[in-house]
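Dear colleague,

Please find below the structure that I am handing over to you. My findings follow directly after it, grouped by topic.

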Amino acid sequence: MSNQSIDIGSETVVRRTVLRPNGLRVLLGLTVIMALLPFIASPYVLLLMLPFIGYSIALLGFNLLFGNTGLLSFGHALFLGVGAYTAAALTSKFGVLSFELLLLVATLMSALVSLVVGALCVRYTRIFFGMLTLAFGMLFHSFLFKFYYITGGDQGMRVLRPLLLGMEWRGGKTAFLTGPFYYYALLLFALLGLVMWRITQSPFGLHLRAIRENAGKAAYVGVQIFRMRLAAFVISAVYGGIGGTILAVTTGLADPELAYWTHSGNLVFMAVLGGSGTFAGPAIGALVFVVLQDFVMSITQYWRFVMGAVLVLLVVFMPQGLSGTVEALVNRRQGGR
Amino acid sequence: MKLTRRDFSRLAGSGLVAAAISKLFAPALAQNKPLRIGIIAPRSGAAGTAGECGIRAVQWATERMNKEGGIAGRKFELVIEEETNPKDTIERLRRLILQEKVDAIHGLISTGVSLGVAPVAEEEQALVVMWDGTTQDGVKEMMPNSKYVFRSTDNECEAVMGSLLAVKHFKGKFKRVAGINPDYSYGRNNWEAFKQILARYGVETEFVVEQWPKIGTMDLTSHIAALNAAKPDLIFSSMLFADLPVFMKQGHAAGLFNGVKMVLPAAGWQINQLKKEFTPEGIIFGHNTLYFDHPQASPLQKAFVQDYMDRYKEAPHWEADRAYFALATYKAGVEAAQKAGGKWPTQEQVAEAMPGLEVESLGGKGRFRKDKIAEQVFYQGPSTNTNKYDFPTLASIDTFQAEQLQKPPGADFWEWIKTAKMPV
């Protein structure tokens with residue numbers, strides 16, 4: 001009997017990861033649909049789309065590490081936490097309300113933290129990398145939880161409503177979130193998506209894929225493994241920080257759960273659900289995850305069981321994720337290319 | 001069919017009349033629909049049993065109140081969502097407001113969650129009546145002037161009462177004191193309040209060890225070993241989640257409680273799990289705002305406890321009372337506002353009417369203060385294992401009013417605890 005285990009950090013996934021131009025088209029199509037959504041959807045649906053945008057941005061970065069570089073981080077929520085707490089500290093402790101400034105500082109903080117964490121983690125691969133990132137994530141969570149004179153402990157820190165482009169938006173919080181902030185976040189998503197597309201298509205992206213395929217051979221032809229991996233780690237962390245800032249503004253709170261390992265697990269779930277082998281897969285995973293969780297939570301108290309069952313079924317029957325499965329079906333219809 | 005000008009005028013006229021009639025009777029039609037009350041409570045994890053107890057109580061109350069005519073003549077129904085982490089709970093709150101379009105939201109147990117939820121509710125202008133949640137950052141009230149958010153009694157009430165009863169029942173009988181409290185603001189503030197009260201009453205003590213297990217830790221052997229090594233005469237613990245029975249079981253096995261006095265101000269939350277075989281007698285045992293076995297219980301409490309125990313084969317605890325209290329005060333508020341205005345009230349009018357209205361809850365009479373913080377009755381006392389149950393009850397009952405146990409509006413808790421007139 002053959003014993004097939006699913007090694008999601010290694011070659012099994014890696015071989016499926018082929019970047020195609022349609023990934024960008026899917027992402028842009030998604031952006032256009034999202035831009036039209038306020039004309040037809042209820043405020044609640046729009047509010048639900050904000051976590052999707054936040055997670056999608058974080059997952060674009062996450063997938064640079066996972067899908068392109070072959071490094072599976074189990075502590076990526078750390079950077080969402082950094083972004084969220086940066087927004088919280090700046091708005092409620094220092095009175096900084098400019099959203100652009102929040103994004104800038106969150107970017108810098110995420111880059112700084114990821115430089116230190118990444119310098120230690122990217123020396124390792126596979127389970128060792130995963131465990132190290134998990135350990136750093138939990139260290140950060142413990143810091144947030146224990147030092148409650150600084151971080152508010154379990155109660156977290158409030159994130160005040162920011163100014164967009166220096167302008168104060170009147171009206172209720174829902175109107176702000178579903179109006180200007182929605183479009184601002186969507187624009188950020190589109191821009192960061194384009195940037196990530198450029199990154200993955202650049203020689204740097206090619207280096208990352210070469211490292212993923214065979215680090216030894218890549219080093220032999222002159223690819224600087226450590227520097228490339230570290231750069232990917234820092235970029236993915238910056239995306240995480242920006243995603244975390246959007247999540248925190250939407251919720252109005254930064255709390256330690258954002259950096260907890262289960263939240264990192266959710267990111268992995270979303271990436272696997274959408275399909276880490278395609279460019280837009282993780283974003284689709286984020287959308288399905290957010291909508292599915294909302295739906296299941298509203299109909300049963302056993303929603304965790306349902307979500308767990310979905311993950312099991314997904315890994316067993318659709319290891320390439322939703323986008324990978326759709327792609328495979330389309331290919332089959334087109335003559336099995 | 002040809003439409004003449006006269007036909008058109010007739011049609012337009014009837015349309016206008018129909019529109020006017022529908023506007024005229026809109027409030028009446030709205031009132032025919034059942035009122036919708038959103039409930040947010042934990043249903044799994046460390047606080048799952050507490051949330052479930054509260055949900056059962058509101059379901060019981062809903063059935064009973066609807067039989068008696070509902071709220072101001074309108075039947076009502078519950079829409080239940082789960083309280084999880086702050087981020088997800090805020091999303092559930094928004095779902096109840098925007099999607100389910102509920103008339104009010106009740107529930108919330110964890111202050112860590114309610115502190116994040118409350119400002120969102122206030123911004124959304126949604127009436128929220130919390131069961132056990134507060135808006136205290138530590139002991140500092142963060143929303144002293146909330147318009148729509150009603151909070152439970154302060155988190156420290158039970159610790160203040162437990163500390164006072166430790167003085168009353170144990171003064172002169174202990175010196176070496178140990179603490180094991182949950183590692184979050186509630187546990188830390190309760191421990192500090194206990195220490196301050198002992199100091200205020202001049203109790204000569206030596207604090208020998210402090211342990212801070214994370215909520216939900218199910219292996220407490222290292223903490224128990226540390227307590228055992230310190231050889232305390234008294235242990236104070238404000239543990240209240242599923243880890244409390246584990247602590248008692250593991251502590252009993254390690255011989256920790258032999259000859260040691262104990263103060264457990266929030267043990268009532270785990271009453272059904274604290275079995276006699278590992279729970280010693282004589283503990284200062286807190287039941288908070290509902291002592292299910294009160295010999296002088298009101299007919300309302302007796303009816304509820306009997307129904308609850310018959311149906312679920314276990315005893316209800318204070319979360320049932322908090323949930324009932326939230327519903328009863330909301331009902332009183334709606335009815336008072338409707339009476340005052342002569343029509344169905346808005347959420348704002350209900351929120352204005354609620355403070356000061358005294359209602360009978362399961363555990364006794366209670367009300368909301370003007371700053372929208374609850375005042376209820378608290379029950380604690382030394383425990384006994386001589387009873388018909390498989391868990392402890394109270395040998396004697398000490399009853400304090402919330403006014404005696406919580407800081408007045410606007411006061412600083414640590415200053416108040418030093419100067420307040422205490423009931424012991």
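B:Lys101 is exposed, at 60% relative accessibility. In this predicted model, the residue sits in the loop that runs between α3 and β3 (104-107) of chain B. Its phi is near 50°, a positive value in a residue other than glycine. Most residues other than glycine have a negative phi.

B:Asn288 also has a positive phi, of about 60°, although it is not a glycine. B:Asn288 belongs to strand β12 (residues 284-288) of chain B, and it is buried, with a relative accessible area of 0%.

The interface between the chains comes next. On the side of chain B, 34 residues are in contact with 31 residues of chain A. About 2900 Å² of area is buried between chain B and chain A, and carbon and sulfur atoms give 51% of it. Four salt bridges are counted between the two chains. In one of them, the side chain of A:Arg304 meets that of B:Glu82, with an N to O distance of 3.1 Å. Between chain B and chain A there are also nine residue pairs in polar contact, both residues being at pLDDT 80 or more.

Which elements of chain B give two or more residues to the side that touches chain A? They are β2 (76-82), α3 (86-99), α4 (111-124), β5 (136-137) and α6 (185-200). Of these, α3(B) gives the most, with 10 residues. By class, the side of chain B that touches chain A has 16 charged, 10 polar and eight nonpolar residues.

Salt bridges were also searched for in the whole structure, and 31 were found over all chains.

- B:Lys147 and B:Glu348 form a salt bridge in which the closest N and O atoms are 3.1 Å apart. This pair links distant parts of the chain, 201 residues apart: B:Lys147 is in the loop between β6 (140-141) and β7, whereas B:Glu348 is in helix α11 (residues 347-353). Both partners are partly exposed, B:Lys147 with a relative accessible area of 40% and B:Glu348 with one of 32%.
- B:Glu335 and B:Lys331 meet through their side chains in a salt bridge of 3.2 Å, N to O. Both residues lie in helix α10 (residues 318-341) of chain B, four residues apart, which is about one turn of the helix. B:Glu335 is partly exposed, at 28% relative accessibility.
- B:Arg95 and B:Glu100 form a salt bridge with their closest N and O atoms 3.8 Å apart. B:Arg95 counts as buried, at 11% relative accessibility.

Salt bridges that share partners also join several residues into one network, made up of A:Asp294, B:Arg36, B:Glu77, B:Glu81, B:Arg92, B:Arg95 and B:Glu100.

A further buried site is B:Thr153, which has 1% relative accessibility. The residue lies in the loop between β7 (149-150) and α5 (157-170) of chain B. A polar contact of 3.3 Å joins its side chain to that of B:Arg322. Leaving aside residues up to four places away in sequence, B:Thr153 touches B:Thr134, B:Arg322, B:Ile373, B:Ala374, B:Glu375, B:Gln376, B:Phe378, B:Ala402 and B:Gln406.

Finally, I turn to the cysteines. How many disulfides does the structure hold over all chains? The number is zero. B:Cys53 is in no disulfide, and the nearest cysteine sulfur, that of B:Cys157, is 19 Å away. Why is B:Cys157 too far for a bond? A disulfide needs two cysteine sulfur atoms within 2.5 Å, and the sulfur of B:Cys157 is 19 Å from the closest cysteine sulfur, in B:Cys53, so the distance is too far for a bond. Both residues are buried, B:Cys53 with a relative accessible area of 1% and B:Cys157 with one of 0%.

With kind regards

Terms used
Residues are numbered from 1 along each chain as its sequence is written. Chains are lettered from A and ligands numbered from 1 in the order in which they are written. This is a predicted model: local features need pLDDT of at least 70, side-chain atom pairs count only at pLDDT 80 or more; totals for chains, interfaces and linings use all residues. Side-chain values use heavy atoms; hydrogens and water are left out. Buried means under 20% relative accessible area, exposed over 50%, partly exposed in between (1.4 Å probe, protein chains only). Contact means heavy atoms within 4.5 Å. Buried area is the accessible area (1.4 Å probe) that two parts lose on being put together, summed over both. A polar contact is a pair of N or O atoms within 3.5 Å; within protein, one must be able to donate a hydrogen and the other to accept it, and residues adjacent in sequence count only if both atoms are side-chain atoms. Ala, Val, Leu, Ile, Met, Phe, Trp, Tyr, Cys and Pro count as nonpolar, Asp, Glu, Lys and Arg as charged, and the others, Gly among them, as polar.
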